[in-house]
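Please look over the sequence and the structure before reading on.

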Amino acid sequence: MQKCKSRILILLCFMLMAAGCACSKESEDILISTSSEESSEQEQETDHIDTTIQVYICGEVKHPGVYEFEADERIISAIEAAGGLTKEAAPESVNQAQKMEDGQQIYIPSREEQQVSTAKTGESSDGLISINQATKEEFMTLPGIGEAKAESIISYREEHGKFQSTEDLMKISGIKEGVYNKIKDYITL
């Protein structure tokens, strides 16, 4: 009988150890599960950080400030977030369809500022682009003129002096009659 009790006791010990190992395995699974959940949450936070941007909008908007947006949103969203434009704003001065970038400052000028700026730059009072004064950005608003052609126009102007006629643009490599015909109604000296 003593041997039987000893065997039962030994058997109970083995069962307790086996149960302890099983519990230990379950808690390990729980720890692994918890750490992978934490990792997933951290990845989601990182993804959120990577997909959001902060933009400062100021000037002629009702509530200037820094706003957070999704990475692919456009300037119109910033204008709306800032309460819209004031009565004095010159909305045509900003490309509202342009995508925003993290850290970007968007300045909405007043109509008065826009007129002063236009008078100082390459756009004439009749809305034509002055080929003797226009900036690269202004040239790029013309049909068929991209960054490379705009830079070529400015380089040519710097090397050869002011254009004597709008047709002189055809002396520039990459600007032939077809391109000239697209832009001739939008330019002046």
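Which residue in S3 is the bridge partner of Gly59? In S3, Gly59 has Ile108 as its bridge partner.

The model is predicted: local features need pLDDT of at least 70, side-chain atom pairs count only at pLDDT 80 or more, and totals for chains, interfaces and linings use all residues. Residues are numbered from 1 along each chain as its sequence is written, and side-chain values use heavy atoms, with hydrogens and water left out.

**Chain overview**

- The protein chain has 6 helices and 5 strands; helices (H or I, at least four residues) and strands (E, at least two) are DSSP runs, numbered from the N terminus.
- Read from the N terminus, the order of elements is α-β-β-α-β-α-β-α-α-α-β.
- Of the 189 residues in the protein chain, 27% count as buried, where buried means under 20% relative accessible area, exposed over 50% and partly exposed in between (1.4 Å probe, protein chains only).
- The protein chain has an accessible surface of about 12900 Å², and carbon and sulfur atoms account for 53% of this; the areas come from the Shrake-Rupley method with a 1.4 Å probe, and for residues only the protein chains shown count as cover.
- Taking contacts (heavy atoms within 4.5 Å) in the protein chain between residues at least 6 apart in sequence, 41% join residues at least 24 apart.

**Sheet**

- Three strands form an open sheet: the order of the 3 strands is S2-S1-S3, with mixed pairing.
- Strand S2 (65-70) and strand S3 (105-108) each have a single partner strand and stand at the edges, so one side of each lacks a neighbour in the sheet.
- On average, neighbouring strands of this sheet are turned by 30° against each other, direction ignored; axes are lines fitted to C-alpha atoms, for helices over the stretch in contact, and angles run from 0 to 180 degrees between N-to-C directions.
- Strand S1 (residues 52-59) pairs with S3 in the parallel sense over 4 bridges; two strands pair if DSSP finds at least two bridges between them.

**Nonpolar cores**

- The largest nonpolar core holds 18 residues, of which Phe139, Ile145, Ile153, Leu169 and Ile187 touch the most other members; such a core is a set of buried Ala, Val, Leu, Ile, Met, Phe, Trp, Tyr and Cys residues joined through side-chain atoms within 4.5 Å.
- Helix H5 (147-160) and helix H6 (177-183) are the elements giving two or more residues to this core, and H5 gives the most, with 4 residues.
- Leaving aside neighbours within four places in sequence, Leu169 is in contact with Ile131, Ile153, Phe163, Ile175, Ile183 and Ile187.
- Another core, of 15 residues, lies apart from this one and includes Ile57, Tyr67, Ala89 and Ile106.

**Aromatic pairs**

- There are 2 aromatic pairs, counted when rings of Phe, Tyr and Trp (its six-membered ring) have centres within 6.5 Å; planes under 30 degrees apart count as stacked, over 60 as edge-to-face and the rest as tilted.
- The ring centres of Tyr67 and Phe69 are 6.5 Å apart and their planes are at 45°, so this pair is tilted.
- Phe69 counts as buried, at 6% relative accessibility.
- The rings of Tyr156 and Phe163 are stacked, because their centres are 5.6 Å apart and their planes are at 10°.
- Tyr156 counts as buried at 17% relative accessibility, and Phe163 counts as buried at 4%.

**Loop residue Gln164**

- Gln164 sits in the loop between H5 and H6 and is exposed, with a relative accessible area of 63%.
- Gln164 and Leu189 are 25 residues apart along the chain, and their C-alpha atoms are separated by 7.5 Å.
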